[in-house]
Amino acid sequence: DDASNEDLQALASKWLAAARQMEGGENLNLYLQLPVVAQMGATDFAFILNIPTLEEWGKFMDGYRGSPAAALDKEWDELAACPDSAMFLSVKVE
């Protein structure tokens with residue numbers, strides 16, 4: 001309840017730096033969606049990862065447990081409750 005958008009951004013940046021050091025995470029991009037006007041339900045933000053290929057995602061996830069990025073998960077738990085995870089395919093609409 002007390003976490004600010006700046007707190008979320010700072011920890012997200014720290015997590016991304018750690019994640020990019022991992023095999024498969026080199027090309028990882030991270031976006032935070034912070035509501036301006038929205039009906040978010042029980043969620044106050046969205047943590048969105050973008051990675052170019054499923055192969056890179058697989059390598060990244062295979063090495064996640066015990067990684068420096070995983071070690072930051074405890075800080076996330078203390079800072080904010082993250083929404084459930086899901087994987088989507090984004091398609092650019094012309």
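Colleague: Before we start, what should I keep in mind about the model?

Modeller: It is predicted, so local features need pLDDT of at least 70 and side-chain atom pairs count only at pLDDT 80 or more, while totals for chains, interfaces and linings use all residues. Residues are numbered from 1 along each chain as its sequence is written, and side-chain values use heavy atoms, leaving out hydrogens and water.

Colleague: How is a pair of aromatic rings described?

Modeller: By the distance of the centres and the angle of the planes. Rings of Phe, Tyr and Trp (its six-membered ring) pair if their centres lie within 6.5 Å; planes under 30 degrees apart are stacked, over 60 edge-to-face, and the rest tilted. That rule gives six aromatic pairs here. Take Trp 15 and Phe 60: the centres are 6.2 Å apart and the planes stand at 75 degrees, so this pair is edge-to-face.

Colleague: And which kind of pair do Phe 60 and Tyr 64 form?

Modeller: A tilted one, with 5.7 Å centre to centre and 55 degrees between the planes. Ring pairs link Trp 15, Phe 47, Trp 57, Phe 60, Tyr 64 and Trp 76 into a cluster.

Colleague: Is Phe 60 buried or exposed?

Modeller: Buried means under 20% relative accessible area, exposed over 50%, and partly exposed in between (1.4 Å probe, protein chains only). Phe 60, at 1%, is buried; Trp 15 is buried at 4%, and Tyr 64 is buried at 14%.
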